[in-house]
Amino acid sequence: MLLENLRTALSALFENRLRSLLTLLGVVIGVFAVTATVSLGEIATAGITSEIQEFGSQSLFVQRVFDDPDSERFTDDDVEALSRLPIQILRQQSTRVTAVVDDVRESVTVNGTTPDAPEVDRSIELAQGRYFDERDAARAAAVIVLSADARQELFEDEPDPVGREILLEARGARTTYTVIGVKEPIGGALGTFANDISGDVPLEAFYRDIPGVPRGEYDFLPISIDLDRDAGAVEDQVRSILDRRRPPDSYQIQTVEGALSLFDTITVILQALLGGIGAISLLVGGIGILNIMLVSVTERTREIGLRKALGATPRTILQQFLIEAVVLTVIGGTIGVALSLVTLWGIVQLVPFLDVFVINPWVVGMAFLVSVLTGVVFGVWPARRAASLSPIEALRYE
Amino acid sequence: MTAEEEASGSTPVIEARGLRKIYRLGADVEVHALRGLDLEVLAGEYAAIMGPSGSGKSTLLQILGCLDAPSEGSYRLAGEEVADLSEERLSQVRNHRIGFVFQAYNLLARSSALDNVALPLMYRGLGPRARRATATEALERVGLADRLHHKPNELSGGQKQRVAIARALATEPDILLADEPTGNLDSRTGQEILALFGALHAEGRTILMVTHEQEVAEHTERIIHIRDGVVESSEVVAQRRRPSVGDAAESRAGAAHDATGWGR
């Protein structure tokens with residue numbers, strides 16, 4: 001009878017193609033909605049986390065307390081004292097100037113820095129030209145390496161601004177700088193939202209051409225820790241050296257680990273949010289499936305009455321509807337999962353900052369299981385109700 | 001017991017005592033469709049049930065066909081009290097003993113004539129091949145040999161009714177119950193259906209038919225009048241043609257087939 005019923009169920013599904021397809025669609029959408037939304041959220045979270053780790057671990061950022069006028073700048077002596085540690089320190093000063101190219105005037109942050117900046121700040125990569133070298137630094141050459149955003153603002157669509165000249169105006173001083181390189185945009189999700197209109201120049205040129213900047217004093221010190229060292233231990237050492245040289249609360253150390261732990265909180269909130277969205281989509285998808293199963297099976301009350309009148313036992317009828325529901329929901333669920341995998345994969349390929357393709361098997365499993373269960377329960381329940389009626393009551397059903 | 005044995009013994013195949021059926025429409029509206037009805041039908045009888053609309057004739061037929069249960073009273077089918085039957089056994093009775101022809105045909109709309117007729121055979125446990133053969137035979141019998149694979153919406157009303165009859169016949173039931181089998185048909189098609197019933201009766205089947213047309217009822221041997229949920233009168237209109245002798249039944253069946261041209 002089981003085999004016979006399987007045949008009956010399949011032919012019932014096939015003979016009522018439209019109804020079967022619509023039911024199938026309900027299940028597909030239910031599973032797809034849950035899997036896709038939750039997984040998309042997880043992919044985004046994973047993308048951002050991996051990026052922060054990529055740029056950030058093994059770096060420190062030491063800065064004076066800007067709100068506190070008594071908090072002194074760091075000096076060359078501080079830098080000297082710290083150099084004993086397995087770290088590289090970037091001597092860097094920044095200020096805002098006005099850059100002029102033809103008739104474009106743009107406010108630009110100019111960083112006076114050293115030629116080893118690309119090694120210390122691992123996020124720097126060049127798209128065009130070169131970074132300034134020791135020789136440029138030694139002769140305080142008036143050369144500038146633009147950020148991607150600055151290049152965009154100053155030269156718009158010009159394919160290769162290397163070799164072009166920029167007039168920098170700062171506190172009455174005007175100097176012409178030559179563009180020698182352009183940086184890559186800051187990668188990923190962080191870069192997408194950051195607006196970094198800046199240019200790097202040799203530190204000596206910075207002191208010469210921008211008046212009023214004290215030489216050998218720094219508001220902040222970007223530090224890169226050697227890759228084989230423990231970041232936490234080095235941070236403690238930095239702290240103990242600085243504590244001997246300055247009042248304890250006159251500076252702050254920011255670490256990417258710190259940023260990450262902040263981000264962890266965000267991630268937890270994000271995941272709670274995703275869980276909520278998942279639960280809601282599961283509910284919505286489930287109700288969709290419930291609805292279509294309930295309607296399509298209730299609509300068949302007359303058919304059930306007829307089958308009973310012709311000698312089908314309630315058990316046989318339930319078996320047929322169970323098989324139909326299982327076949328529909330399992331096929332629908334599989335299509336839904338496949339569709340969401342393909343869609344997510346496509347999104348990861350297309351959206352640049354989503355570079356990690358993660359699929360949580362729990363999410364897929366839950367979506368699939370809940371959909372199948374909902375479909376089966378609400379496919380069999382109305383059939384059971386109809387099969388418990390006398391044939392004539394079922395046949396009379398409108 | 002086969003139909004033949006029952007017929008020759010003249011035992012009542014249907015024995016209803018004090019049947020009541022109450023439909024509850026809403027909270028406090030009750031419709032008494034049957035009010036203590038008694039009825040006996042002998043094996044091999046061909047009878048018409050007549051009565052004004054609302055008299056309870058369809059309700060009676062449905063109860064006799066085990067499609068609905070009476071609210072009160074006893075119904076014995078071939079000696080078995082139907083109320084005592086389990087759901088499983090009841091399905092078996094519906095499948096083996098009873099062929100029911102609905103006024104509205106009640107065919108599966110998306111299945112072919114052949115599949116519709118084969119459906120009760122599947123519930124009987126017949127294999128696909130046997131089902132096909134038996135269903136084809138039944139459809140040939142009602143003159144639809146060339147419509148096996150047509151779906152109901154490709155058939156005329158008379159053809160649909162004949163598919164429904166073929167479905168009722170395919171299981172070789174003892175009792176054929178028909179609710180207004182000619183009600184939706186033009187008179188010529190109606191005559192054809194009645195001729196088919198005559199032939200089936202001649203084979204020894206017990207046939208009960210609900211109708212409101214005197215002319216249709218006169219094709220039977222006995223007319224049972226129902227009014228207000230009880231039997232008002234029961235008159236024998238024709239000599240009971242007892243198919244006690246096999247040869248006689250054969251020849252009658254043959255004659256009926258010749259008359260309608262369905263015997264080919």
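A residue is called buried if 20 or more other C-beta atoms lie within 10 Å of its own, exposed if 12 or fewer, and partly exposed in between, with the C-beta atoms placed from the backbone. Helices (H or I, at least four residues) and strands (E, at least two) are DSSP runs, numbered from the N terminus. Keep in mind that this is a predicted model, in which local features need pLDDT of at least 70 and side-chain atom pairs count only at pLDDT 80 or more, while totals for chains, interfaces and linings use all residues. Residues are numbered from 1 along each chain as its sequence is written, and chains are lettered from A and ligands numbered from 1 in the order in which they are written.

Let's begin with a helix of chain A. Helix α11(A), residues 301-309, is mostly covered, with eight of its nine residues buried. Among them are A:I304, A:L306 and A:A309, and also A:E303, A:R307 and A:K308. After α11(A) comes A:G311, which has a positive phi near 110 degrees.

Next, look at the strands around β9(A). Two strands pair if DSSP finds at least two bridges between them. Strand β6(A), residues 126-129, runs antiparallel to β9(A), residues 173-183, and three bridges join them; here A:L126 stands opposite A:K183. Strand β7(A), residues 143-146, is parallel to β9(A) and joined to it by four bridges, with A:V145 facing A:G181. Strand β8(A), residues 165-170, pairs with β9(A) in the antiparallel sense over six bridges, and A:A170 is opposite A:A173. The hairpin of β8(A) and β9(A) has two residues between the strands, and A:R171 takes a positive phi near 45 degrees there.

Now move to chain B, where six strands form an open sheet in the order β6-β7-β8-β3-β9-β10, with mixed pairing. β6 (98-101) and β10 (230-236) of chain B have a single partner strand each and stand at the edges, so one side of each is left without a neighbour in the sheet. Strand β9(B), residues 222-227, is joined to β10(B) by six bridges, and the two run antiparallel. In this pair, B:I224 stands opposite B:S234. Helix α7(B), residues 187-202, packs on the sheet and touches β3, β7 (175-179) and β8 (206-210) of chain B.

What about a loop residue? B:S53 sits between β3 (46-50) and α2 (57-64) of chain B, and it counts as exposed because it has 7 C-beta neighbours inside 10 Å. B:S53 and B:I226 are 173 residues apart in sequence, yet 9.9 Å apart in space, C-alpha to C-alpha.

Let's turn to the interior. A nonpolar core is a set of buried Ala, Val, Leu, Ile, Met, Phe, Trp, Tyr and Cys residues joined through C-beta atoms within 7 Å. The largest has 113 residues, and those with the most contacts inside it include A:A383, B:I49 and B:V117. Apart from that core lies another, of 23 residues, among them A:V97, A:F132, A:V145 and A:V201.

Finally, where do the chains meet? Two residues are in contact if their C-beta atoms, placed from the backbone, lie within 7 Å. By this rule, 20 residues of chain B are in contact with 16 residues of chain A. On the side of chain B that touches chain A, α3 (87-96) and α4 (113-124) of chain B each supply at least two residues, and α3(B) gives the most, with six.

Key: Axes are lines fitted to C-alpha atoms, for helices over the stretch in contact, and angles run from 0 to 180 degrees between N-to-C directions.
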